Amino acid sequence: MKNLLRRSPLLLLGSAILAFGLYQIHSLSGITEGGILGATLLLFHHFGISPALSGLVLNGLCYLLGFFILGKGFILYSAISGIGFSLFYAIFEAFPPIYPAISTLPLVAALLGALFVGVGVGLCVRAGGAPSGDDALAMSLSKVWKRAKLQHIYLASDLLVLGLSLTYIPLEKILYSLLTCVLSGQIIGWVTAPRRERKSHGKSQ
């Protein structure tokens, strides 16, 4: 219970930042993500499978993997971050977008989108929760393969899905989406790294 009370504010803060970025930037700019979100869109385009169904199945499998590898606490923290994300997104979309013209600035959208996704997801993961199945999968694989860094696992899954998405998404959109994925993965890795690693990384820049 003490851990839950201590971690919940960080989980909810991360969920709020993620929801704000996805609503204010991703949903307006058309810049997509890799991972499960991109996979559901890919399945819908080629096979007509609704993202509501494919997302439920794919996320469920990733959370199930997380349960076996990361334990019961992971599911509880993930539930808080996932529910928090949905609630915050519902609140944000009840108001008009702050800057709709972001859709005409794909490079700015890609950079800002990466920042919000990276910080938001990073805070949730740092607190032990996963706001989506992508994060559950990355956290699980990172624990199984000790040498694999979290940001590299994110990048590998994103590259796979974005590469397949070239079958129906224009190359320009894919390139901006790739930029977002690469940067957000690096930011997640930095946010979730131990404090000593973040300090040493900063000094080396």
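View 1. The structure is a predicted model, in which local features need pLDDT of at least 70 and side-chain atom pairs count only at pLDDT 80 or more, while totals for chains, interfaces and linings use all residues. Residues are numbered from 1 along each chain as its sequence is written, and side-chain values use heavy atoms, with hydrogens and water left out. Pro97 sits in the loop that joins helix 4 to helix 5; helices (H or I, at least four residues) and strands (E, at least two) are DSSP runs numbered from the N terminus. Beyond its neighbours within four places in sequence, Pro97 has contacts with Tyr23, Gln24 and Leu28, contact meaning heavy atoms within 4.5 Å. Pro97 and Leu28 are 69 residues apart along the chain, and 8.5 Å separates their C-alpha atoms.

**View 2. Thr104, an exposed residue of the loop between helix 4 and helix 5.** Thr104 belongs to the loop between helix 4 and helix 5. Its relative accessible area is 58%, so Thr104 is exposed.

**View 3. Gly35 in helix 2.** Helix 2 spans residues 35-47 and includes Gly35. Gly35 counts as buried because its relative accessibility is 7%. Gly35 and Leu159 lie 124 residues apart in sequence, with a C-alpha to C-alpha distance of 8.4 Å.

**View 4. The largest nonpolar core.** This core has 17 residues, of which Val121, Val125, Leu150 and Tyr154 touch the most other members. Two or more residues each come from helix 1 (2-29), helix 4 (72-92), helix 5 (106-126), helix 6 (133-144) and helix 7 (150-165). Another core, of five residues, lies apart from the largest one and has Leu11, Ile80, Cys124 and Ala127 among its members. A nonpolar core is a set of buried Ala, Val, Leu, Ile, Met, Phe, Trp, Tyr and Cys residues joined through side-chain atoms within 4.5 Å. With neighbours within four places in sequence left aside, Val121 contacts Leu18, Pro131, Asp135, Tyr154 and Ile188.

**View 5. Helix 5 against helix 8.** The axes of helix 5 and helix 8 (residues 171-192) cross at roughly 30° and come within 7 Å. Helix 5 is therefore roughly parallel to helix 8. Axes are lines fitted to C-alpha atoms, for helices over the stretch in contact, and angles run from 0 to 180 degrees between N-to-C directions. Angles under 35 degrees count as roughly parallel, over 145 as roughly antiparallel, 65 to 115 as roughly perpendicular and the rest as oblique. The crossing of helix 5 and helix 8 is right-handed; a crossing is left-handed if the near helix is turned anticlockwise from the far one by less than a right angle, and right-handed if clockwise. The contact of helix 5 with helix 8 holds 17 nonpolar, six polar and one charged residues. In these classes Ala, Val, Leu, Ile, Met, Phe, Trp, Tyr, Cys and Pro are nonpolar, Asp, Glu, Lys and Arg are charged, and the others, Gly among them, are polar.

**View 6. Helix 7 against helix 8.** Helix 7 and helix 8 have axes 8 Å apart and pack at an angle of about 165°. Helix 7 is therefore roughly antiparallel to helix 8. Helix 7 and helix 8 make a right-handed crossing. Residues of helix 7 in this contact include Leu150, Tyr154 and Leu159, and those of helix 8 include Ile174, Cys181 and Ile188. By class, there are ten nonpolar, seven polar and one charged residues in the contact of helix 7 with helix 8. Cys181, a residue of helix 8, is buried because its relative accessibility is 1%.

**View 7. Helix 1 against helix 5.** The axes of helix 1 and helix 5 cross at roughly 160° and come within 7 Å. Helix 1 is therefore roughly antiparallel to helix 5. Helix 1 passes helix 5 with a left-handed crossing. The contact of helix 1 with helix 5 comprises 16 nonpolar, seven polar and no charged residues.

Terms used:
Buried < 20%, exposed > 50% of the residue type's maximum accessible area, 1.4 Å probe, protein only.
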